[in-house]
Amino acid sequence: MHQALYRKWRPQTFEDVCGQEHITSILKYEADHGAFSHAYLFCGSRGTGKTTCAKILAKVVNCEHPVNGSPCGECAACRSIDSGAATDVLEMDAASNNGVDNIRDIRDEVVFAPNALKYRVYIIDEVHMLSGSAFNALLKTLEEPPAHVVFILATTELHKLPATIISRCQRFDFRRIATPVLRDRLLHIAKVEGITLDEDAATLLGKLAQGGMRDAISLLELCAGARRPITTDLVNETVGLTGREALLSTVRAIASRDYDALYARVAEVVQSSMDLGVFWQDLISIYRDMLVVKTTPRHAEYLDLTDAECAQLREVSGLFSKETILYHRQLLDSAYLTMQGANALKRVTAELTLTRMCDESLSTTNEALLSRISKLEEMLLSGRFSAPKAGDPDDEPTPVQAPEVKAEQPKNEPASAAKAQETKPMVAPRTAPSAAPVDTAGKRVLRPLRAWQEVVERVTQQDAMSASFLKTAQAYTEGERTVIVRFENDFMLMMLNRGDAKDMLRGALSVCLQREVKEKDLICEVKPKENAASALDEIIEELDQE
């Protein structure tokens, strides 16, 4: 008879348990010193090793020759427990045996000595399902059981247990297993079982398991049923997921208001084997990741993504403000709840929601208004706000046009002076480097501009060619307002001064710094040649590394 992989690969010793070293190390120490507790409480999410550790602990307390705190697996006690023949190890599912009579039976049995083993072990799984009267019946026995009895309680919902039960047990919290640990375990199992598994596919399976080893191995076995090498495409096809590139293209279509692309994406999901609800969950996860990128510079620590995926996410998140991301996330959550209804039309709900996400004016909620206000603020700070073009003379902008200035020049004024006055506003004022603040040592005090990467990404959205010269540049702040951008050579500086590239740079700086960066506040120069590293340079380098 076929045995499921997660049962076949269930750990038999504490060394085989993955991702729970903070628990197995304590249990091994107690086994080495024979200092067992009378009651244990294992709590944590599903598939993290609670029942597995309970069975290993039941073996090690009865093992005749324990090895480094783990059961030997060869003595009569270990073999009888592994085969299920040991009558002194009783495993009870509280979900189906939650009455007070079941606990009374245990209370009556504990007074008898073990039949063949050293300890009588009671493993009560899903203990939170016990009734109130059952908990009351268990209290006294759990607090002072006979010396030959060990209780092991396991639960996924600790908050449902009475405090009186928790206080009588030695509690262990099982953590979700990290994705790299799951990936390495899956690759090992696949190698032994003769399954061809790509490393990227193993990482994806680990993410889908959400910290549960049992779920990860079950997904591996499900994908292996296709009888072909397991790749990310096969995982997406088997589980019914939408590829990451498709999700990112959907987000870009929302930013550009490409309704055709959005309707085509929904139609593709509906007509394929993928579930629209799963696609919607993946889209919600993408927005969560974008919000993390927008709110913290240490986003790589909180996102389970590769460097390339992080770079793609930073590029996409630059298309939205935090207010817009929160507004879109609210629409996605509301639509997902609607899709869970019995008579919900998922396709209609998805298309209407995506349409509302493209145009905030279709909604009058506070979140939609905040999103619209944030866009106006960004346009004002970046200088991209233009007055409406209307036929009514009253709607024309108030600044005087150049021809009118020329017509008002005095007749006796020389033509050369008038021409110089007319072209004077076109000359960009420059701020001399000597005007920058200096420290007591006579050197410029420069601090690295931490938002420089975001500035470059914003310029990239408008002019990729100009942004290519900014990627190798370094930006600093001097004083409270001055921004200094240093380029590698004169050619890069010359390319920035062409066209409106410098204005785009000032606009991006204004948005990222949340203040207007005027023309006099921006100094662009070529990086000075360094003859020897100074103490100030070392400080700047340390700040860059942080």
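Q: Which residues does Ala94 touch, not counting residues up to four places away in sequence?
A: In this predicted model, Ala94 lies in the loop between strand S2 (89-93) and H5. The C-alpha atoms of Ala94 and Ile123, 29 residues apart along the chain, are separated by 9.8 Å. Setting aside residues up to four places away in sequence, the residues that Ala94 touches are Ile124, Asp125, Glu126, Val127, Met129 and Leu130.

Q: Is Ala94 buried or exposed?
A: A residue counts as buried when its relative accessible area is under 20%. Ala94 has 0% relative accessibility, and therefore Ala94 counts as buried.

Q: In what order do the strands of the open sheet of five strands lie?
A: The edge strands of this sheet are S2 and strand S5 (170-174), each of which pairs on one side only. From one strand to the next, the twist averages 15 degrees. The pairing is parallel, and the order is S2-S3-S4-S1-S5.

Q: Which residue in S4 is the bridge partner of Phe42?
A: S1 and S4 pair in the parallel sense, and five bridges join them. In S4, the bridge partner of Phe42 is Ala154.

Q: How far apart are the end C-alpha atoms of helix H6?
A: Helix H6 spans residues 132-143, and its twelve residues at 1.5 Å a residue should span 16 Å.

Q: Which elements are included in what covers the buried residues of H6?
A: The buried residues of H6 are Ala134, Phe135, Ala137, Leu138, Leu139, Thr141 and Leu142. What covers these buried residues includes strand S1 (39-44), helix H5 (100-109), strand S4 (149-155) and helix H7 (163-166).

Q: With which residues is Thr141 in contact, leaving aside its neighbours within four places in sequence?
A: Thr141 is found in helix H6, and with a relative accessible area of 10% it is buried. Once its neighbours within four places in sequence are left aside, Thr141 is in contact with Arg107, Val110 and Phe151.

Q: How many nonpolar, polar and charged residues does the contact of H12 with H14 have?
A: Helix H12 (residues 244-256) and helix H14 (residues 276-295) pack with their axes 10 Å apart and at an angle of about 70 degrees, which makes H12 roughly perpendicular to H14. Arg244, Leu247, Leu248, Thr250, Val251 and Ile254 of H12 make the contact with Phe279, Asp282, Leu283, Ile286, Tyr287, Asp289 and Met290 of H14. By class, the contact has nine nonpolar, one polar and three charged residues.

Q: Which residue in S7 is the bridge partner of Arg447?
A: Four strands form an open sheet with mixed pairing, in the order S6-S7-S8-S9, and its edge strands are strand S6 (447-448) and strand S9 (522-526). S6 and strand S7 (residues 474-478) run antiparallel and are joined by two bridges. In S7, the bridge partner of Arg447 is Thr477.

Technical notes
Residues numbered from 1 in each chain as written. Predicted model: local features only at pLDDT ≥ 70, side-chain atom pairs only at ≥ 80, totals over all residues. Heavy atoms only, no water. Pairing = 2+ DSSP bridges. Expected span 1.5 Å × (residues − 1). Buried < 20%, exposed > 50% of the residue type's maximum accessible area, 1.4 Å probe, protein only. Contact = heavy atoms within 4.5 Å. Axes fitted to C-alpha atoms, helices over the stretch in contact; angles between N-to-C directions. Parallel < 35°, antiparallel > 145°, perpendicular 65-115°, else oblique. Nonpolar A, V, L, I, M, F, W, Y, C, P; charged D, E, K, R; others polar.
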